[in-house]
Each structure stands twice: as C-alpha cells, then as structure tokens.
Amino acid sequence: MKLHNILCLSLFILLLTACGSKKRVALPSDFKGPKELSRIYGVRITSSDNIYLYNAGAQWLGTPHRLGGNTRKGVDCSGLVVILYRQVYGKKLARSSADIWKQNCRKVGRGKLKEGDLVFFRTDGKRTKTPNHVGIYLKNGSFIHTSTSRGVTVSSLSEPYYTRTWLMGGRVR
C-alpha cells in the first residue's frame, strides 16, 4: 500500500511539472508593476509593452553620468545601452555609440521606431554622420539615455536639442 501511494504521488508530481509548458521567469525582488512604472516614466505602460525594459531602465534612473562608466556609481550613454540590452534582450553590443551603430544595427526611420530600437545623435556640433550619443527608444517619442548633466533620464525626441542633434534610429540585428 505504501509503495502504491508513493508511485501515485510521484506520477501526480510528474504530471504537474509536465503540464507547465510556459517558461517561468523569476522576477527580481525590486520588480515594479505597470502601474508603478507608468508613474515613474509618465506614460501609460500596458501588458503589450516590454515591462522588463521599463523595469531595468527604472533601476538606473538618476545614476550620474561618468565617461566610460558602467556601474550604478556612474555610467555613460553607450554603457547604459550595453547593460540594458544584455540584461533585457540577452544581446551583446559594441561599447561605443559609433561601434554599436556600425556593428549591431540597421537603419530605421524616425517614424518607424519601435520599443527597444536605438536612437543616435551627434551632440558635439560636428557635422559628421558618426554618432557620439545613443539611447533606447521607449514609446510615444520618449527614450532612456544618460545625459551629461542629468545622469540617466528619459527625454523626448521632440525636445529642440534632440531634434537638432538627431542622426538616425537603429534596430539591433
């Protein structure tokens, strides 16, 4: 009788574990839901948005700018993009904005940007077509990036500064 119970219990456990066809992802302890993320970003975030991108980005908001940095003590624009892309999409990108553009992206028009696309700028006043600043497009014209004056922040592509310095959008291959 005991052997029969053990076999039945084992079969029941096996059936339960086999039924779960969806891969379960462990959420970090500081994971924020759509309501909290909507408040943080100032845009409505729904289940159709990549909540992992918004959550990962939220953890970096306010981190100061540090040229060459890649920690919460300080990060530059390409460092932030590299970290978020590895964390959210599992993709390894080049380390500079120019190399990310050359090695990892195909061009996307400003009107065709999708969540997770990259946005490239030339902010040093030079007229070359080589980007020196990069961010990640979110939605509704907003993108997350590292500003030299504000640290990691969310800005709008419609701000005059970003309209003037805009180069191109890029979709990671």
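Predicted model: local features only at pLDDT ≥ 70, side-chain atom pairs only at ≥ 80, totals over all residues.
For sorting residues here, Ala, Val, Leu, Ile, Met, Phe, Trp, Tyr, Cys and Pro count as nonpolar, Asp, Glu, Lys and Arg as charged, and the others, Gly among them, as polar. Residues are numbered from 1 along each chain as its sequence is written, and side-chain values use heavy atoms, with hydrogens and water left out.

**Pockets**

- A pocket is an open set of points on a 1 Å grid over the protein atoms alone, where a 1.4 Å probe fits, with protein on both sides within 12 Å along at least five of seven lines; lining residues have an atom within 4 Å of a point.
- The largest pocket holds about 270 Å³, a volume being the space filled by probe spheres set on points joined across faces, edges and corners.
- It has 16 lining residues, and Thr123, Asn132, His133, Thr146 and Thr148 are the closest to its centre.
- Two or more lining residues each come from α4 (77-89), β6 (142-147) and α6 (160-165); helices (H or I, at least four residues) and strands (E, at least two) are DSSP runs, numbered from the N terminus.
- The second largest pocket has about 200 Å³, and its lining includes Arg122, Lys126, Arg127, Trp166 and Leu167.
- Here α6 and β8 (166-172) are the elements giving two or more residues to the lining, which divides into 2 nonpolar, 4 polar and 5 charged.

**Sheet**

- An open sheet is built from 6 strands in the order β3-β8-β4-β5-β6-β7, with antiparallel pairing; two strands pair if DSSP finds at least two bridges between them.
- β3 (105-108) and β7 (151-156) are the edge strands with a single partner each, so one side of each has no neighbour in the sheet.
- On average, neighbouring strands are turned by 35° against each other, direction ignored, using axes fitted to C-alpha atoms (for helices over the stretch in contact), with angles from 0 to 180 degrees between N-to-C directions.
- Helix α5 (residues 97-104) packs on the sheet and touches β3, β4, β5 and β8, its direction making about 90° with that of β3; contact means heavy atoms within 4.5 Å.
- Between β4 (residues 118-121) and β5 (residues 133-137) there are 4 bridges, and phenylalanine 120 has valine 134 in β5 as its bridge partner.
- β6 and β7 share 6 bridges, with histidine 145 partnered by threonine 153 in β7, and a hairpin of 3 residues joins the two strands.

**Salt bridges**

- The count is 5 salt bridges, each a side-chain nitrogen of Lys or Arg within 4 Å of a carboxyl oxygen of Asp or Glu.
- One of them pairs glutamate 36 with arginine 39, with the closest N and O atoms 2.7 Å apart.
- Both residues sit in helix α2 (residues 34-41), 3 residues apart, or about one turn of the helix.
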